Amino acid sequence: MRVGYLVMGLFLLVLLGNVKAYYNITFVNTTVVLNSNTSAHVVETFDVYVSNSSVSQYTKNRNAIGLTLNDWQKTLYATNLVQNIINYKRSTYDFTFLPGPLILEPYGGQAILTMSYYVNNVTDMKNIAPREFEYTFNNSVLNFEYTINGQALPPNYRFNIIIPAGSELVKVYPLPDSPAPSFLGDYKNFTSFSWYSQEPLSQFSFSFTSKESLQSEVTGYFSNIYYHDYNTIYLLLLLGIALAIVYTYIKFWR
């Protein structure tokens, strides 16, 4: 009888250990660094809790070579391990995924998974004055949780936007949780904005202005001439060589 109870107890311990074998994403931080060419560099971090019985599996997967994001999604059983900024009409490029080291705790461990990638056409740009441009965030690239009222920032999520230095915010909705506006009610001199209070994103809007320096304008002008007129210059050069050959032939062989 005692042997039977002992075997049953061990079986229950194993069963409970398997029940506790899981991963849980506890916090997501999405940072979008906007560029003046309408693209963006996105860095996302996922804080993950790993149970005791999954520690060895996490370590094994982290040391493996060639595991994709899809592989990690299956391992963690995590539907929210996704890119939260994505342009469905254009592919992501320079994508990297880095599972961080496991920090052990009495009942498991904590790790941070990091995604880094670039996305085109995150903003729309228009020229509003000489050397001054207005950029409007394209909210169709948002890929957060969907609700009956549209997208919303889930609990334990933080969404950040960083605009180029020297830019000025002109329109934003909903208002960011950080920073607080100045005493004049504006966000002048701020370039980093964050939302983390489960804000609705279905009507998200964000736009800013940026001025181009005279040096950048001149450099860009001549760069455009070089790239757009390169074929023309090349053809003119070939034509000049051909005329020189014809002239030489006529002068010395006739």
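## Strands E7 and E13

Strand E7, which covers residues 132–137, pairs with strand E13, residues 205–211, in the antiparallel sense, and five bridges hold this pairing. The description here and below refers to a predicted model. Within the pair, Glu-132 stands opposite Lys-211 of E13, while Tyr-135 has Phe-208 of E13 as its bridge partner.

How much of E13 is covered? Strand E13 is mostly covered, since six of its seven residues are buried. Strand E7 also contains Thr-136, and this threonine counts as partly exposed because its relative accessibility is 31%, a value that lies between the limits of under 20% for buried and over 50% for exposed. Thr-136 and Thr-38 are separated by 98 residues in sequence, yet their C-alpha atoms are 9.1 Å apart in space.

## The sheet around E7 and E13

Strands of a sheet pair through backbone hydrogen bonds, and the pairing may be either parallel or antiparallel. E7 and E13 belong to an open sheet of four strands, whose order is E6-E7-E13-E11 and whose pairing is antiparallel. Which strands stand at the edges of this sheet? The edge positions are taken by strand E6 (123–129) and strand E11 (168–173), and because each of them has a single partner strand, one side of each is left without a neighbour in the sheet. On average, neighbouring strands of this sheet are turned by 20° against each other when direction is ignored.

The pairing of E11 with E13 can also be followed residue by residue. These two strands run antiparallel and are joined by five bridges, and Val-172 stands opposite Phe-206 of E13.

## Strand E10 and its partners

Another strand to examine with care is E10, which spans residues 157–162 and includes Asn-160. Strand E1 (residues 23–34) and E10 pair in the parallel sense over six bridges, and in this pairing Thr-30 has Phe-159 of E10 as its bridge partner. E10 also pairs with strand E12 (residues 192–195), here in the antiparallel sense and over four bridges, with Ser-192 of E12 as the bridge partner of Ile-162.

Is Asn-160 buried or exposed? Asn-160 counts as buried, because its relative accessibility is 6%, which falls within the range of under 20% used for buried residues. The side chain of Asn-160 is joined to the side chain of Arg-158 by a polar contact of 3.1 Å.

The loop between E11 and E12 is the place of Pro-174, and the peptide bond that joins Tyr-173 to Pro-174 is cis, with an omega of about -5°. Pro-179 is likewise found in the loop between E11 and E12, and the peptide bond from Ser-178 to Pro-179 is cis, with omega near 0°.

## Positive phi angles in loops

Although Asn-121 is not a glycine, this residue has a positive phi of about 55°. Asn-121 is placed in the loop between strand E5 (108–119) and E6, and it counts as partly exposed because its relative accessibility is 26%.

What is the phi of Gln-198? Gln-198 has a positive phi of about 55°, although this residue is not a glycine either. Gln-198 lies in the loop between E12 and E13, and its relative accessible area of 48% is why Gln-198 counts as partly exposed.

## A nonpolar patch on the surface

Which residues form a nonpolar patch on the surface? The patch is made of Leu-237, Leu-238, Ile-241 and Ile-245, which together have about 380 Å² of accessible area. One of these residues, Leu-238, has its place in helix H5, which runs over residues 230–253. Leu-238 counts as partly exposed because its relative accessibility is 39%, and this value is also over the 30% that a residue needs in order to belong to a patch.

Note on methods. Residues are numbered from 1 along each chain as its sequence is written. This is a predicted model: local features need pLDDT of at least 70, side-chain atom pairs count only at pLDDT 80 or more; totals for chains, interfaces and linings use all residues. Side-chain values use heavy atoms; hydrogens and water are left out. Patches are made of residues with over 30% relative accessible area and no salt bridge: like charges are joined within 9 Å, nonpolar side chains (Val, Leu, Ile, Met, Phe, Trp, Tyr) within 5 Å. Accessible areas come from the Shrake-Rupley method with a 1.4 Å probe; for residues, only the protein chains shown count as cover. A salt bridge is a side-chain nitrogen of Lys or Arg within 4 Å of a carboxyl oxygen of Asp or Glu. Buried means under 20% relative accessible area, exposed over 50%, partly exposed in between (1.4 Å probe, protein chains only). Two strands pair if DSSP finds at least two bridges between them. Axes are lines fitted to C-alpha atoms, for helices over the stretch in contact, and angles run from 0 to 180 degrees between N-to-C directions. A polar contact is a pair of N or O atoms within 3.5 Å; within protein, one must be able to donate a hydrogen and the other to accept it, and residues adjacent in sequence count only if both atoms are side-chain atoms.
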